[in-house]
Amino acid sequence: MKKTLILCFLLAYTTRLVSVAQTPAEWVWWNPAKSDFPVIEGQGWTGKDLQNPYDRLPAVAEKTVRKEVWNLSHNSAGLMIRFRATTDQVVVRYVVGNKQQALPHMPATGVSGVDLYAGNSDGDWLWAAGKYLFGDTIQYRFANLEPNDSYKRGREYRLFLPLYNSVQWLEIGVPKGVTLTPLPVRLEKPVVIYGTSIAQGACASRPGMAWTSILGRKLDRPLINLGFSGNGRLEKEVVDLVSQVDARLYVLDCLPNLIATVGIKPEDIKSRILESVKTLRQKRPTIPVLLVDHAGYTDGSISPIRQQYYSDVNTLMHQAFVQLKAEGINGIYLLPKSHINLDMDAMVDGTHPTDLGMQQYADAYEKSIRTILNEPVGDLSTMRPRTQYRDGSFDWEVRHRDVLDRLKAKPPRIIFMGNSITHFWGGEPRGSRINGADSWNSVLEPLGAQNMGYGWDRVENVLWRVYHGELDGYKADQVVLMIGTNNIQLNTDAEIVAGLRFLIQAITSRQPAAEVLMVGILPRRDGEIRVAALNEAIAQMTTEANATFVQPGFVFLKPDSKIDESLFSDGLHPNAEGYRRLAGALKPYLKGGKR
């Protein structure tokens, strides 16, 4: 026994020595609340509108909403901070307002903890485990992180904040010598969720496992969590505040706080549903509204009275929905209990979800919202929208913002969507490398063409851009697709063709009057045979998809069907002469170009 104790002590001591040895002597700290631009995502109001930096309602709400709602609005549920860094360690230290850092049915890691996710260059999310210490100052240390993936571009991090506590101050630290780049709040219109404790996050084990957080990652959209534990009651004062946010979608999920035990009469519950929708529709006539059933209690099958509670309010919800539709109110949708479909082990106490229940909630919401927003996903990687950060010569997110700004300022007639072959051609927003400016300026610019190529893009990256605004708000005559070559090393020909078909459908649903011109994949060094076969399959698909196919790649081939290296800079990207020949071959097929 004595030898065992000595061994345990030596192991603990050795571990501590290793830990100390790995801990850098100096840290650089960043306080997001003091950033020069908004970085706290998940808020409908910012800056001077707020009483505290991490609040969820504006300061003026203190005079209008009930005290319970106002107090809960200080909880940082749904708030997230984004930054980019190449580091193997991140430390977060912060102070919370409520010294009760855990609840009887919810751990401190969910109530008062933070949660860190790291992205890779292909747009996938990785979870980082943190060692935490709860006290007057809470500290999370994320160590032994892989600073880079194979592209060596660093990582985007997303830090999710406490679900049931308020952040008084917070700092994020990285070792001295590491560059931490704060990322601004995304400018996309958010999904706004007004709900109960279930929306606020009870009883997730950690902030990233709240269904709202999971949903935000699935949709890759900003999301505002206005869940108020025990107090999501469709109150006019709160609905008026919700309507102030210019949203992509409003979600009303308040029935769990409107059951019989609350003391609100059935006719008043129905009235609140009707008036909430009408208020939102009056103030935001084009923004869709999703009404949500009570998802039920997992002990409902054995407790008739509990089953009656949620059945009654769901009946009222369906009656209200039918009445709204009958009154001609459009843009409203219903997520029924049967589609949420929680199983027996999905709740902690029969009411609040476990992490399993949170995942089931998020899955149901994603399916419903993707239908509403017309953003379907498929089973193949080429049919699942993704961002990327593979090319260090430009910032993919910044280019997306620049493209959206230019589309508003100067709507184009012809859109070129593609990868680096398009990106490096010419036009605005200007790329860091331009190989064919003369042919772009002389042939494409006069036709009103817009360069929407992004270096290293794949089919799924263009799909993300289509889903996130690059074809919205204007009418184009033609969309030219030059995409797919970067999928060749990862996907089969069938997967690439299926992804292109999926992409064309997404494009035509947003630009129904525009012709889709699918440009065959250009021949590439040592890939000529496969590209030729792939283009045959793409040509067949475009006929079925009601698109036009053109194969200008012949201008790059010698009589032996090998590429003419003199027309390329690297066997893949055309040089200036290559772009001139490509422009000549494409011009007869472009709207306004002469055959």
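Predicted model: local features only at pLDDT ≥ 70, side-chain atom pairs only at ≥ 80, totals over all residues.
Local features here need pLDDT of at least 70, side-chain atom pairs count only at pLDDT 80 or more, and totals for chains, interfaces and linings use all residues. Residues are numbered from 1 along each chain as its sequence is written, and side-chain values use heavy atoms, with hydrogens and water left out.

Start with strand S13, residues 223-227. Helices (H or I, at least four residues) and strands (E, at least two) are DSSP runs, numbered from the N terminus. S13 is mostly covered, with five of its five residues buried. Buried means under 20% relative accessible area, exposed means over 50%, and partly exposed lies in between (1.4 Å probe, protein chains only). In a regular strand the side chains alternate between the two faces of the sheet. In S13, Leu223, Asn225 and Gly227 point one way. Ile224 and Leu226 point the other way, and all are buried.

What runs beside S13? Strand S12, residues 191-195, runs parallel to S13 and is joined to it by five bridges. Two strands pair if DSSP finds at least two bridges between them. Within this pair, Ile193 stands opposite Asn225 of S13.

Now turn to an open sheet. Its five strands follow the order S1-S10-S4-S8-S7, and the pairing is antiparallel. Strand S1 (27-30) and strand S7 (131-133) each have a single partner strand, so one side of each is left without a neighbour in the sheet. Neighbouring strands of this sheet are turned by 20 degrees against each other on average, direction ignored. Axes are lines fitted to C-alpha atoms, for helices over the stretch in contact, and angles run from 0 to 180 degrees between N-to-C directions. Strand S4 (residues 90-96) pairs with strand S10 (residues 167-175) in the antiparallel sense, over six bridges. Val96 has Val167 of S10 as its bridge partner.

Next comes the largest pocket. A pocket is found on a 1 Å grid over the protein atoms alone, as an open set of points where a 1.4 Å probe fits, with protein on both sides within 12 Å along at least five of seven lines. Lining residues have an atom within 4 Å of a point. The largest pocket has a volume of about 1100 Å³. Grid points are joined across faces, edges and corners, and a volume is the space filled by probe spheres set on the points. Of the 44 lining residues, Glu188, His400, Leu404, His468 and Gly469 are the closest to the centre of the largest pocket. Helix H11 (396-409) is among the elements that supply at least two residues of this lining. H11 gives the most, with eight residues.

Most residues other than glycine have a negative phi, and most peptide bonds are trans. The bond from Ala202 to Cys203 is cis, with omega near 5 degrees. Cys203 sits in the loop between helix H4 (197-200) and helix H5 (211-219). Glu428 and Pro429 are also joined by a cis peptide bond, with omega about -5 degrees. Pro429 lies in the loop between helix H12 (420-423) and helix H13 (437-444).

Which way does phi of Asn341 go, positive or negative? Phi of Asn341 is positive, near 55 degrees. Asn341 is exposed, at 56% relative accessible area. Ser561 also has a positive phi, about 70 degrees. At 43% relative accessibility, Ser561 is partly exposed.
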